[in-house]
Amino acid sequence: MSQTATMANIGFANALDPAVAPLLEPYNWDAAASNAGRALVNDFNTTMSKQVLANGAHHRAVEDCQAKEATARDSVSWLRKVARVEFAGDTGTLAALGLSGALPPSRSQLITAGLALCDNAVADPACAAKLATCGAPAAKITEVRGTVTALIEANRLVESTKGDAQLATAEQNQKLAELEQLYARFRKIARLALAGKPQLLEKLGILDRNVRTPAQRNAPKKAAETRKKNKKTEKPEPVGV
């Protein structure tokens, strides 16, 4: 719960106190307003929980996608090495398999290169037969392609959960803005209605600007005690001979 929500919840709840409520009513703040404020706090807390959940889902999706990308990159790299050895000097086949250059570094390019390599390798019977003789039969190529399709799905989830997290954050920010606006109005009303009644203001979690807190009142005494203590511990200056 944010600091605003915490203090607003205290204020709205304690505004229903019989000692406080009648004093607020002339300023257009009644029990219905307090209950509406508490409901808004609950709404904000709900959006905050959803945002945390959505953000967590997005982080998990990112981690899963990174792991699947590493797996796909290793699998595709292995198949590329096998094909380069088997088709060394056959520039036409190497080009058809997308092996003219290095494996692209980006995720989207890895997906494109991996699909092209696997699909074109099995589409050409002669190519597939040759790869099968060096440890890359059709089943193994299908397995490599599976790591690429798994990456495609993981990447989709990253984008989907990112959108969910952004939406949840926007909803949370909207509710927080509404709560801050209502709580600011409540504090102004409370200060007017309870002027000169610092104890009742404190019950609402609002400090009277004209009344010092216990810590502020005790500050001079503590400072004097500290000075006295320090004076006792001071060592006398050595006297010269």
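Is Asn 9 buried, partly exposed or exposed, and at what relative accessibility? Asn 9 counts as partly exposed, at 28% relative accessibility, where buried denotes a relative accessible area under 20%, exposed one over 50%, and partly exposed the range in between (1.4 Å probe, protein chains only). The structure is a predicted model, in which local features require pLDDT of at least 70 and side-chain atom pairs count only at pLDDT 80 or more, whereas totals for chains, interfaces and linings use all residues. Residues are numbered from 1 along each chain as its sequence is written, and side-chain values use heavy atoms, with hydrogens and water left out.

The secondary structure of the protein consists of nine helices and zero strands, with helices (H or I, at least four residues) and strands (E, at least two) taken as DSSP runs numbered from the N terminus. In sequence order the pattern is α-α-α-α-α-α-α-α-α. The protein is more spread out than a compact globule, because its radius of gyration of 35 Å is well over the 18 Å that the globule rule gives for 241 residues. This radius is taken over C-alpha atoms, and the globule rule is 2.2 Å times the number of residues to the power 0.38. Along the principal axes, the C-alpha atoms fill a box of roughly 95 × 80 × 20 Å.

Of the 241 residues in the protein, 30% are buried. The accessible surface amounts to about 14600 Å², and carbon and sulfur atoms contribute 56% of that area; accessible areas come from the Shrake-Rupley method with a 1.4 Å probe, and for residues only the protein chains shown count as cover. Among contacts (heavy atoms within 4.5 Å) with a separation of 6 or more, 71% involve residues 24 or more positions apart. The protein carries 32 positive and 24 negative side chains, and the centres of the two sets lie 12 Å apart. For this count Lys and Arg are positive and Asp and Glu negative, while His and the chain ends are not counted; each charge is placed at NZ of Lys, CZ of Arg, CG of Asp or CD of Glu.

Several pairs illustrate the relation between sequence separation and spatial distance. Asn 9, located in helix 1 (residues 3–14), is 145 residues from Ala 154 in sequence and 41 Å from Ala 154 in space, C-alpha to C-alpha. Ser 49 belongs to helix 3 and is partly exposed, with a relative accessible area of 47%. The C-alpha atoms of Ser 49 and Ala 168 are separated by 9.2 Å, although the two residues are 119 residues apart along the chain. Ala 150 lies in helix 7 (residues 138–193) and is partly exposed at 27% relative accessibility. Between Ala 150 and Gln 66, the sequence separation is 84 residues and the C-alpha to C-alpha distance is 11 Å.

The loop between helix 2 (21–24) and helix 3 (31–86) contains Asn 28. This residue counts as exposed, at 59% relative accessibility. Phi of Asn 28 is near 65°, a positive value in a residue other than glycine. Most residues other than glycine have a negative phi.

A search of the whole structure finds zero disulfides, a disulfide being a pair of cysteine sulfur atoms within 2.5 Å. Cys 127 is in no disulfide, and the nearest cysteine sulfur, that of Cys 134, is 9.3 Å away. Cys 127 is buried, at 4% relative accessibility, whereas Cys 134 is partly exposed, with a relative accessible area of 27%.
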